[in-house]
Amino acid sequence: MSAEAVPQAEGSVYVMGRTTEEYDRLRGQAKILEPITASVLERAGLSVGMSCLDVGSGRGEVMRLMADRVGPSGRVVGLDVDGRLGREAADILASRGYTQCTFIEGDLQSLEFANNELFDFVFARIVLQHLDDPILGLRNMYRRVKPGGRIVIQDYTFRTIDHYPSFEAADECLRVFFAVYEKVGRVTRMGVQLPSHFIEAGIGPPDGADVGGGLLPIAKSAQMLAAVYRSVLPLALKFGITTEERSTALLSELGSNQPQSGYFLWPLLLSAWKTKPA
Ligand SMILES: C[S@@+](CC[C@H](N)C(=O)[O-])C[C@H]1O[C@@H](n2cnc3c(N)ncnc32)[C@H](O)[C@@H]1O
């Protein structure tokens, strides 16, 4: 797949970049996370006929999970700062018969869109970690929850990543990833911060929480790691965290020298949810 650059949507620095390869990576990641997200949507009470807002809807993979649960009488609105990605996702969903799904281009940090609609279910997966002001993002989402409705947030904590046996290319990949996050001022443990952020945003302590993860064969993980690496590489080069030469060697190493029978502990996806008082 090519890494053709597409225009950056406006807004704050997005560490993962906006390439066709990154869009494909999002789909691969969504497959890994699907069982965790599906279970949390159900535990948090998503059901037939509800209206939902999926903030940072990306490729629309969570919109599809929501649409399957709310059915044709429900409504699923995707919101993303990347209008091109969101519109493509909405077109694909429509072509598959998901007529309850629509998309709006917008920035969570202002959350200005056409009307002031309130929703039964307001959701975001792996979005808060990308914001300059996650508390503002949470407040804006909570404002869109109907009385009696729910806010549900999922985000990663990266510090638990591990693998066995040792695999130096994976370690170097992670070094670059963490250094880019640090340079851009993004947090690598948003998942574990969610309950405190709920309280700080005035939402209150979560009613429920969940921890999900995956233990994947190194071969599959190496592909995902390489995709993550390529997505952060432009910023890593810009900040002098690595060089073209080093990164070419690393990508080749990641693909060819994987330890046999190795497994990789994927970052944990943490969830928190809260019902708004009726
Ligand atoms: C890592 S992706 C996650 C996509 C999707 N939620 C998923 O889990 O598959 C983060 C998404 O959030 C979007 N995003 C980042 N900052 C945003 C903002 N301020 N407002 C709305 N969307 C934003 C990005 O464009 C991207 O599509």
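Arg175 is partly exposed, with a relative accessible area of 35%; partly exposed is the band between buried (under 20%) and exposed (over 50%), using a 1.4 Å probe and protein chains only. The structure is a predicted model, where local features need pLDDT of at least 70, side-chain atom pairs count only at pLDDT 80 or more, and totals for chains, interfaces and linings use all residues. Residues are numbered from 1 along each chain as its sequence is written, and side-chain values use heavy atoms, with hydrogens and water left out.

**Salt bridges**

- A salt bridge here is a side-chain nitrogen of Lys or Arg within 4 Å of a carboxyl oxygen of Asp or Glu, and the count comes to 17 salt bridges.
- Arg175 has Glu172 as a salt-bridge partner, at 2.8 Å from N to O.
- Both Arg175 and Glu172 belong to helix H5 (residues 168-184), three residues apart, or about one turn of the helix; helices (H or I, at least four residues) and strands (E, at least two) are DSSP runs, numbered from the N terminus.
- Glu172 is buried, at 14% relative accessible area.
- Asp24 pairs with Arg27 in a salt bridge whose closest N and O atoms are 3.5 Å apart.
- Asp24 and Arg27 sit in helix H1, three residues apart, which is about one turn of the helix.
- Asp24 is partly exposed at 24% relative accessibility, and Arg27 is also partly exposed, at 35%.
- Asp24, Arg27 and Arg59 are joined in a network of salt bridges.
- Asp210 and Arg43 form a salt bridge through their side chains, at 2.6 Å from N to O.
- Asp210 is in strand E7 (residues 208-212) and Arg43 in helix H1, so this pair ties together parts 167 residues apart in sequence.
- Asp210 counts as buried at 16% relative accessibility, while Arg43 is partly exposed at 47%.

**How H1 and H7 cross**

- The axes of helix H1 (residues 20-43) and helix H7 (residues 218-238) come within 10 Å and cross at roughly 140 degrees; axes are lines fitted to C-alpha atoms, for helices over the stretch in contact, and angles run from 0 to 180 degrees between N-to-C directions.
- H1 and H7 are therefore oblique to each other, the class left over once angles under 35 degrees (roughly parallel), over 145 (roughly antiparallel) and 65 to 115 (roughly perpendicular) are set aside.

**Where H1 and H7 touch**

- Contact means heavy atoms within 4.5 Å, and the H1 residues that meet H7 include Glu21, Arg25 and Ile32.
- On the H7 side, the residues in contact include Lys220, Met224 and Arg230.
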